[in-house]
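Notebook, one chain, one sitting. I list what I looked up, in the order I looked.

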Amino acid sequence: MNIRGSMSFTYLSFVTTIKEHIWAKVLLGLVLGVVVGVALGPDLNLIARDLAYSISNWLALPGYLFLAIIRMVVIPLVVSSIICGVAAGGNIETIQKLGFGVVVYFILTTTVAVATGIFLSYLFEPGVGFDAHSFNALTALPPVSDALLDVSNIPKRLVSFIPTNPISSMASGEMLQVVIFSAFVGAALVYMPKAKAKPFLDVVVSLQALSMVVVDWALKLAPYAVFGLIAQLSIKMGAEALSGMLVYMGVVLAGLLSMLVFYMLVLYFFCGRNPFEFLAQIRNVQLIAFSTSSSSATMPVTLKTAEEKVGINPTVSRFIVPLGATINMDGTALYQAIATIFLAQVFVLDLTTTDILIALATSIAASIGTPGTPGVGIVVLATILSSVGVPVEGIAIILGVDRLLDMCRTTINVTGDLVACAVMERIMHLRKKRQKSV
């Protein structure tokens, strides 16, 4: 084959890949978004900044539409998925074991994430010698409620997770309360006689199918959404704004990569799955999570991918994915641990062993119930900083690069949810095998 023929074949293969695979379209949108964003951003300064910002908002319009559609459908999808998942368990004992097992698993992986963040922070010391005065005046920060820091309020907080008004919780987007309410409904259906439970369960199954159709429609917008959102981010930030924080960013990214390797090791040695095949199956979810910075917005796609690509049993996926998007935030917990120690190093504060243990515990506790929406991690970080005596105002130092790191840690969060599905399915399989042998 001559050079021209080879180039033609390569081009046709590229076009075919783009046409047939949504992940390829999303990846192309991401690359083009960066190119357009840099071209219109502050680094090249080809056009006036006001005009660039105006263009960025129009470019991001498909992204706003995509997120709006996903948020519109996420509550009915979560409610129907958890009810179906719990009811499909068949008996309450299975549900209890699955629920207890996945919560223990989430706590263990979050502990690994926070410990990894602390270790890397002290290994590389990104805040030592950092010139905080080179940054602009500190900006206004979200207030930190003292109630979050008061141990005596923990019992009331735990009780508040049970919604007194489920409809209000759905309207306000209190995802943990929605998950708990849906789990109660699903468990009640298991206890009810099948003849009485079936009509309601049929409606819920139909609601879930309807929600998935809307998700399919939204996915057609995904490549354009990724292009617009990434272009807008690149136009507003520019590459130069990141240069002063490269060491800090490098430590965070190294930590997130370490968690990805940890997940793949669990997947290979415990679940017996090929990590490279698994990553190929979930790449679409990772790209959408990266571009939206929201595990909640990505949840419908995560659920669809878990069942259709990864082959997870719907009984497992419909319970764990919504729960994981609510309480499984390993990437966020790791980031918060690194940010806390980084800022302590910036302000030349020596954290004691007790402080580190408090930061560890607070990071684990704070990651549970953290809304899976962009920017919320900063508010939670303020709570952790206050608990160990690090000035909360220091958050202004890392605000400039938070969005980019938020995109990366959200990718790890949703990857962790999918790995959790594979782990819990394996545990259920081993449990059934043991019961049969007995």
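Predicted model: local features only at pLDDT ≥ 70, side-chain atom pairs only at ≥ 80, totals over all residues.

Entry 1, helix H12. I started with helix H12, residues 246–269, which has 24 residues. Its first and last C-alpha atoms lie 34 Å apart, close to the 34 Å expected at 1.5 Å a residue. The expected span is 1.5 Å times one less than the number of residues. Helices here are DSSP runs of H or I with at least four residues, strands are runs of E with at least two, and both are numbered from the N terminus.

Residues are numbered from 1 along each chain as its sequence is written, and side-chain values use heavy atoms, with hydrogens and water left out.

I listed the buried residues of H12, among them Tyr 248, Met 249, Gly 255, Met 259, Tyr 263 and Leu 267. Buried means under 20% relative accessible area, exposed over 50%, and partly exposed in between, with a 1.4 Å probe and protein chains only. Leu 265 also sits in H12, but counts as partly exposed because its relative accessibility is 45%. I found Leu 265 in a nonpolar surface patch with Leu 257, Val 261, Tyr 268 and Phe 269, about 550 Å² of accessible area together. Patch residues have over 30% relative accessible area and no salt bridge; nonpolar side chains (Val, Leu, Ile, Met, Phe, Trp, Tyr) are joined within 5 Å, like charges within 9 Å. Areas come from the Shrake-Rupley method with a 1.4 Å probe, and for residues only the protein chains shown count as cover.

I looked up the largest nonpolar core, which has 113 residues, and Tyr 248, Ile 320 and Ile 398 have the most contacts inside it. Helix H19, residues 395–437, gives the most to this core, with 17 residues. A nonpolar core is a set of buried Ala, Val, Leu, Ile, Met, Phe, Trp, Tyr and Cys residues joined through side-chain atoms within 4.5 Å. Leaving aside neighbours within four places in sequence, Ile 320 is in contact (heavy atoms within 4.5 Å) with residues including Leu 98, Phe 106, Asp 417 and Met 424.

Is Gln 232 buried or exposed? I found Gln 232 in helix H11, residues 222–237, and it is buried, at 11% relative accessible area.

My search of the whole structure gave 5 salt bridges, each a side-chain nitrogen of Lys or Arg within 4 Å of a carboxyl oxygen of Asp or Glu. Arg 273 pairs with Glu 425, closest N and O atoms 3.6 Å apart. This pair links distant parts of the chain, 152 residues apart: Arg 273 is in the loop between H12 and helix H13 (275–292), Glu 425 in H19. Asp 202 pairs with Lys 198 at 2.9 Å; the two are separated by about one helical turn because they are 4 residues apart in helix H10 (residues 194–219). Arg 409 pairs with Asp 406 at 3.5 Å, and both are buried.

I logged 19 helices and 0 strands for the protein chain. Of its 438 residues, 48% count as buried.
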